Amino acid sequence: MRLWLRAAIVTLAVPVVEAVVHDDAFLPDDLSLKAGTEVDVEVRNEGSDGHNFTIDALDLSTGTVEPGQVVTATFTVPNGTTEYHCTFHPGMRGEIVAG
């Protein structure tokens, strides 16, 4: 008996989400994402100060994002609500809401 198997390699694109940083806020300040999905968050600094995109619960930080710079943070979205913030500016916060 012969058994023929056919395999296919499928490359799935990682979703890209944009977070714009101004000198006092993230835009958007809420990201609605699907839990368990790997995403790339492109952090673009349109402000005049250095900022970062930090998710303590994931032990993730972009490091300093200088004005005009774009960096990418890649992570798997956790279930529930997870905060992100700028460690340089305590009032700069946002949430990832996943389900």
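Start at the N terminus and run along the protein chain: the elements go β-β-β-β-β-β-β-β-β. That makes nine strands and zero helices, where helices (H or I, at least four residues) and strands (E, at least two) are DSSP runs, numbered from the N terminus. Keep in mind that this is a predicted model, in which local features need pLDDT of at least 70, side-chain atom pairs count only at pLDDT 80 or more, and totals for chains, interfaces and linings use all residues. Residues are numbered from 1 along each chain as its sequence is written, and side-chain values use heavy atoms, with hydrogens and water left out.

Now colour the whole chain by burial. Of its 99 residues, 32% count as buried; that term means under 20% relative accessible area, with exposed over 50% and partly exposed in between (1.4 Å probe, protein chains only).

Next, select Phe26, Phe53 and Tyr84, which form one aromatic cluster. Rings of Phe, Tyr and Trp (its six-membered ring) pair if their centres lie within 6.5 Å; planes under 30 degrees apart count as stacked, over 60 as edge-to-face and the rest as tilted. By that rule the count comes to three aromatic pairs. Zoom in on Phe26 and Phe53 to see an edge-to-face pair, 6.0 Å centre to centre with 85° between the planes. Phe26 sits in strand 2 (residues 26–27), while Phe53 is in the loop between strand 4 (38–45) and strand 5 (54–55), 27 residues apart.

Tyr84 belongs to strand 8 (residues 80–86), 58 residues from Phe26.

Step along to Leu27 and Pro28, joined by a cis peptide bond with omega about 0°. Pro28 lies in the loop between strand 2 and strand 3 (30–33).

Last stop: Asp59, in the loop between strand 5 and strand 6 (60–61). Check its phi, which is near 55°, a positive value in a residue other than glycine. Is Asp59 buried or exposed? At 76% relative accessibility, Asp59 counts as exposed.
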